Amino acid sequence: MGEHGHPYSPAELELLGFVPQRLSQGEILAPFLGASLLVALAVWLISGRCGCRSSKADRLLMCWWAFTGLTHILLAGHFLFTPDLFSRENPSYFDELFKEFSKGDSRYAARDNAIVALEVVTIGFKGPASLLAVYAIASRKSYSRILQFAVCLGQLYGCLFYFVTAYLAGFNFWASPFYFWAYFVGANSSWVVVPTLIAARSWKKISAAFRAEKVKTR
């Protein structure tokens with residue numbers, strides 16, 4: 001714990017009324033990872049039995065979109081609608097999760113304007129659109145590929161915005177190199193790698209559909 005009563009960087013960051021984290025790293029990460037796996041498993045099993053005739057690739061995509069949609073909505077929603085989450089005397093699990101994650105990016109603890117703006121877009125667009133993608137894939141909607149491509153672009157832009165604003169603001173928001181690599185880079189890398197792969201796949205599918213349509217009209 002630093003001299004300002006918190007474990008975050010920069011040390012001079014002031015957090016009035018800060019209540020120290022009570023749960024350990026394991027007590028925070030284990031339920032999050034467990035719940036994420038349960039969501040993915042539930043979607044995988046349901047998609048295989050509901051008669052929607054989805055391919056294994058589409059079922060995997062549904063698992064991803066369900067996970068990312070719920071993550072976006074639950075976490076961004078808690079952050080935006082609980083401004084005192086770092087000073088509550090009886091912190092919830094989500095309060096503790098943000099205290100832990102802020103060791104990798106203290107802009108969450110400081111409620112930096114760039115982070116608030118990013119989370120507004122997350123809960124307003126990316127979260128609901130991700131869940132809509134689950135429905136679109138399961139229902140074989142014609143807009144499924146375009147929707148996935150659009151959401152992927154939104155996620156990639158969000159990651160670019162996230163990293164660039166951190167760089168411009170000083171690039172010193174992690175408590176140690178471990179938290180830099182584990183949280184700032186590692187925890188966010190999924191929303192760079194997976195959307196890139198899905199966007200490329202969607203682009204190919206959309207292009208193939210247009211080529212097939214062109215052949216028909218000749």
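Is Glu 96 buried or exposed? Glu 96 is buried, with a relative accessible area of 2%. The views below come from a predicted model.

**View 1. Glu 96 pairs with Lys 99 in a salt bridge.** The closest N and O atoms of this pair are 3.3 Å apart. Both residues sit in helix H3. They are 3 residues apart there, so about one helical turn separates them. Lys 99 counts as buried because its relative accessibility is 0%, and the cut-off for buried is under 20%. Side chains of opposite charge can pair when their charged atoms come close.

**View 2. Asp 105 and Arg 107 meet through their side chains.** Their contact is a salt bridge, 3.0 Å from N to O. Asp 105 is buried, at 0% relative accessible area. Arg 107 is buried too, with a value of 3%.

**View 3. A salt bridge links Arg 201 to Asp 58.** The closest N and O atoms are 3.8 Å apart. Arg 201 lies in helix H6, and Asp 58 lies in helix H2. The pair therefore ties together parts that are 143 residues apart in sequence. Asp 58 counts as buried, at 11% relative accessibility. Arg 201 counts as partly exposed, at 25%. Salt bridges with shared partners also bring in Arg 145, so that Asp 58, Arg 145 and Arg 201 form one network. The structure holds 6 salt bridges.

**View 4. The largest nonpolar core has 25 residues.** Those with the most contacts inside this core are Tyr 8, Phe 79, Phe 86, Phe 98, Tyr 108 and Tyr 162. Several helices contribute. Helix H2 (56–81), helix H3 (93–101), helix H4 (113–138), helix H5 (144–168) and helix H6 (177–217) each supply at least two core residues. H6 gives the most, with 4 residues.

**View 5. Tyr 108 touches a set of residues that includes Phe 79, Phe 86 and Phe 98.** Phe 101, Ser 102, Ile 115, Glu 119 and Tyr 162 are also among its contacts. Residues up to four places away in sequence are not counted.

**View 6. A second, separate core has 20 residues.** Among them are Trp 64, Phe 67, Ile 137 and Cys 152.

**View 7. A nonpolar patch lies on the surface.** Tyr 157, Leu 160, Val 164, Tyr 167, Leu 168 and Phe 171 form the patch. Together they have about 680 Å² of accessible area. Leu 168, one of these residues, is found in helix H5. Leu 168 counts as exposed because its relative accessible area is 68%, and the cut-off is over 50%.

**View 8. Two spans come from the UniProt record as transmembrane regions: residues 60–81 and 114–137.** The entry is unreviewed. In the model, residues 60–81 are 100% helix and 0% strand. The end C-alpha atoms of that span are 31 Å apart. Residues 114–137 are likewise 100% helix and 0% strand. Here the end C-alpha atoms lie 32 Å apart.

Methods: Residues numbered from 1 in each chain as written. Predicted model: local features only at pLDDT ≥ 70, side-chain atom pairs only at ≥ 80, totals over all residues. Heavy atoms only, no water. Core = buried A, V, L, I, M, F, W, Y, C linked by side-chain atoms within 4.5 Å. Buried < 20%, exposed > 50% of the residue type's maximum accessible area, 1.4 Å probe, protein only. Contact = heavy atoms within 4.5 Å. Patch = residues over 30% accessible without salt bridge, like charges linked within 9 Å, V, L, I, M, F, W, Y side chains within 5 Å. Areas by Shrake-Rupley, 256 points an atom, 1.4 Å probe, with all protein chains shown as cover. Salt bridge = Lys/Arg side-chain N within 4 Å of Asp/Glu carboxyl O. UniProt positions renumbered as here; feature names shortened; annotations may be inferred.
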